[in-house]
Amino acid sequence: MRTTDQAFDKFRQNLELGPTESADAQKRHKDVRECIRKGFDVANDVLSGSYRRHTKTKPLKDVDVFFILGQKERWRRSKPPIDMLTAFDECLKKEFTDEGQTEIGRRAVTVVFEKNYYPDDHHGKVLSIDAVPAFEIETDVFEIPDKVTGTWIKTNPKKHQAQATAKNKEIDGYWVPLVKMIKGWNRANGKPIKPSFLIEVIAEELVESPFSTYANEVRNFFAAMEANIGREWPDPAGLGPLVSDQMTPKMITAAKTALQEAQRKAALACRAERTGRQGEALKIWREILGPYFPLT
């Protein structure tokens, strides 16, 4: 049976995207790209978001494709953001015709590939792609539609990526796996923290070197998030709205409760390990972190 450190290392490996997921992602975002290019003047399209920052975890959902629209589409920038999203949705519906296969989200249109999801049947699959409309307003600075605020908001994906890369280097390569682990916890527990990018933003500030072990750092980060989840967390690029703007007082309370429960269970797992009940320790860690955490 694995030690806890060995189990966490295997967990880290389990969360990494393998060649099957990568190949499926390439095929599916290629299909979405070709569809949007048929309907719009696209100056460029690039992978973005957590997939590009290497903080995307399994199952692979909401892979962002950033569509930088060309001059012929500039007139759309003067229209309400929902009009832009609706236009993307109508275009994608021509290609992805299953009922409910496209969904207008807050800042993107999602193409859903696996409507019927079962935990034992998702390996190698990309469950959804997010098509994000964008206009470049200056070098590496873009405006994207926001359905909730009814405004066009600024963003800089390259800066987000550079900051994540720098933080991971600062923590000797342990930061990205830690973020994936916490995202795994978030998903396995009904996503009490929204959006998942908020976890990255909090981790950029609160995770510090030297890094000890994944088990210790996960416990420490649960405690740090509980203490800080009620704060306002701005866009780390200094452009867009608060990253924490979805966290209502009710959601903050629920998130704190979930984080307290995670800490309680983590303490039980550590106690089980100290008293020689290693199988029980791994079982508890899986209860906390989800099905990718190994039991043996």
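Which residues does Phe293 touch, not counting residues up to four places away in sequence? In this predicted model, Phe293 lies in the segment after H10, and its contacts beyond that sequence range are Ala7, Phe8, Phe11, Leu282, Trp285 and Arg286. Phe293 and Phe11 are separated by 282 residues in sequence, yet their C-alpha atoms are 5.0 Å apart. Phe293 counts as buried because its relative accessibility is 0%, below the 20% cut-off.

Two of these contacts, Phe8 and Trp285, are among the residues with the most contacts inside the largest nonpolar core, which has 46 residues; the others are Trp185, Phe222 and Leu289. Two or more residues of this core come from each of helices H1 (4-15), H6 (175-188), H7 (197-206), H8 (214-228), H9 (249-274) and H10 (278-289). Trp185 touches Pro192, Ile193, Phe222, Met225, Ala258, Leu259, Ala262, Ile288 and Leu289, with residues up to four places away in sequence not counted. Another core, of 24 residues, lies apart from the largest one and includes Val32, Ala87, Cys91 and Phe135.

Strand E6 (residues 141-146) is largely enclosed by the rest of the structure, because six of its six residues are buried. Val141, Glu143 and Pro145 point one way from E6, and Phe142, Ile144 and Asp146 point the other way. E6 pairs antiparallel with strand E5 (residues 128-138) over three bridges, with Val141 as the bridge partner of Glu138. The hairpin of E5 and E6 has two residues between the strands, and Asp140 takes a positive phi near 70°. E6 also runs antiparallel to strand E7 (residues 151-155), joined by five bridges; Thr155 in E7 is the bridge partner of Phe142. Four residues separate E6 and E7 in their hairpin, where Gly150 in the turn has a positive phi of about 70°.

Technical notes:
Residues numbered from 1 in each chain as written. Predicted model: local features only at pLDDT ≥ 70, side-chain atom pairs only at ≥ 80, totals over all residues. Heavy atoms only, no water. Core = buried A, V, L, I, M, F, W, Y, C linked by side-chain atoms within 4.5 Å. Buried < 20%, exposed > 50% of the residue type's maximum accessible area, 1.4 Å probe, protein only. Contact = heavy atoms within 4.5 Å. Pairing = 2+ DSSP bridges.
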